[in-house]
Amino acid sequence: MGAMSRRLRLGLLTMFAAACAITFTVLLLYTFSRPGLRVRIDLSSTGTAGLSDRTVTALNQLPEDSRLTAFLFPEDDSFRWFNSNVYPQAFDRITSLMEDARVQSGGKLQTLVVDINSPMVAREREINRSARKPGEAIILESGGHRRVITFEDLFQILRANVNDNTPARIQLERVDAALGDAAVALASGTTLKAGIVTGYGQASPTDPNGLLGLSQLLVRDNWEPVEIEGPADADDCDLLIFVDQKQPFLPSDLSAMETWLAEDKAVLVALGPNASPAAAQQWNQLLKDRGTGFEPGLLCEPIRSANGMVEGRSDCAKLELNSERFSGQHPITIPLIEDNRLLLVIGARPVIFQSGTNDFTQERLLRTDPLAWADSQDPNGLVFSYDKNEERGIRSIAVASERWAPGEEGRMGRIVALGSSASLGPGLDFNRDFITSSLQWLGGDERQASGLIGLGERPFRPDRASLARINNMSVYGIPGVTLLIGLWIFWRRKR
C-alpha cells in the first residue's frame, strides 16, 4: 500500500511538472508570436545596440498603418571588391534595428525586410508598390506620405583602394539617426520651405555636381527646397540658404535681406575661400549685431604622421574634426558628441566669433586645432604652410546665433554661419550629420522628437556598473549558487 502511495504521488508530481512545462512552453511561444510582449535588452557597453529613445518616441507617434520596409540589395560592386564585408555588416545592422523598431512599437509598425533571398514575386511586388529606386535602402510610409533613406544616408563608406587591394569598409554608421529623422519628419506633419539662392553665381540644386545632394537632404528632412534668384523672391520661405556667393547683393536684394533679418527669419550661409570678398564684406555688415561674419584665408592644420607634423600639402586644408572640436552646449552639436560623430571639413575660411549686441547669443559650433592657421593669398608665401606673417591659434569654422527670447512674431532669428561651402556640396557626405542637425535647429525645436515615454517602451540600457554586476553574477554568482546547492545535497545524503 505504501509503495502504491509513493507511485501515485510520484505520478501526480510528474504530471504536475509536465503540465507546468507545457504551460510555460505555450506562454513562451505566445510571447514570441506577439511583438508587443517582447523585450529587447541592450547589453552593449555603449548602449547603442538598439534604437535610441528619440527614434523610438518618433516611431510611436506614427499612426498604426505606418510601414517600414528595408531593401537589402548589394548594388555597388565596389563594396564587394577584395572580400569586403561592407554589405554583410550593414545588412546585419539594419535587420537588427528593423526588429527593434517592430518590438519597440508594440507591433503597431509594420516592418518588412526584402533581400535577394526573398521570393521573386514578393520582391517585385514590394518594389513596385513602394516605387523603390536603386540605392534606396529604407522607406518609411505613414498617412500617405513617405520618407526615403538611401544606403549613403545610413553608412559612410571608405571605398576600396585598387592600388594596394585594400577592401572597402564602414567608417561611420548613422542608421538610428537617419531613421529617427525620417520618423520625426513624418510625425510632425508639416513641411517648411527652404529657399536656395542661386542668382549670385551659386551652384544649382538640380546639378549632381552642385547642390543636388543638399536638395535631396532637405526633402528627406521634411523641407521643400525652392530655387530662388535672391532674397527679394523669398516671401513664402521659412529658411534662406546661401552657398559660396560669387557676387555681392544688388540693392533690392540687400534691402530684402536686411528686412529678412529684422523679421528674425532663419538663415544658413556658407562662404568658402573662393566667395566674393565684396559679398563677404556685405555679410559681415549684415551679421555685425550677431558678432559673426567671414574672414579671408584658407584654414589649414599640420598633418600628424609618424614623422611628426607635416605641412605644405593640400591635405592640410582637410580638417578632421572630432567631438573635442564641437561645442558641448548647443543643440546642433550635442547629438554629434553623444553619438561620437566625426566630420571632415574641406576648404574652410575662418568665421568671426566675437561679441555682438546683447539681443543675440553667439556660439562657436566648430573650431580648429590650436596649431591651425589661415593660409593667406600672399603670392610670396608658402602654399599650405605656416608663414611668419600668419597667426596660429584656434579659429572658428561655424558659428550659430539666435535671440535670447522670441521676437514679436515668435521667431528666434536663428542663423548658422559656416566657413565651408564644400560642406554643402561635394563634401556633404562627410558632414551630413552636422548639416542635418543644423537644419533641424533652424526649423525650430518643435520639429525634434520630444516628450516622456513609458518605461515599458524604452530599451534596457545598463551602465558600466550594471554591466559589471551582471557579469559578476553570471560568472561567479550562478555557478557559485549551483555549487552550494550541490554541496548541501551531498551533505544531506551523507547524513
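**Burial and backbone angles in a predicted model**

User: What percentage of the 495 residues in the protein is buried?
Analyst: This is a predicted model. A residue counts as buried when its relative accessible area is under 20%. Of the 495 residues in the protein, the buried share is 45%.

User: How many helices and strands does the protein have?
Analyst: The protein contains both kinds of element. Its helices number twelve, and its count of strands is 21.

User: What percentage of contacts between residues at least 6 apart in sequence joins residues at least 24 apart?
Analyst: The contacts considered here are those in the protein between residues at least 6 apart in sequence. Among them, the share joining residues at least 24 apart is 73%.

User: Is Phe82 buried, partly exposed or exposed?
Analyst: Phe82 lies in the loop between strand E1 (67-72) and helix H3 (86-104). Its phi is near 55 degrees, a positive value in a residue other than glycine. Most residues other than glycine have a negative phi. Because the relative accessibility of Phe82 is 32%, Phe82 counts as partly exposed.

User: Is Asn83 buried or exposed?
Analyst: Asn83 is placed in the loop between E1 and H3. Asn83 is not a glycine, yet its phi is positive, at about 60 degrees. A residue is exposed when its relative accessible area is over 50%. The relative accessible area of Asn83 is 76%, so Asn83 is exposed.

Terms used: Residues are numbered from 1 along each chain as its sequence is written. This is a predicted model: local features need pLDDT of at least 70, side-chain atom pairs count only at pLDDT 80 or more; totals for chains, interfaces and linings use all residues. Side-chain values use heavy atoms; hydrogens and water are left out. Helices (H or I, at least four residues) and strands (E, at least two) are DSSP runs, numbered from the N terminus. Buried means under 20% relative accessible area, exposed over 50%, partly exposed in between (1.4 Å probe, protein chains only). Contact means heavy atoms within 4.5 Å.
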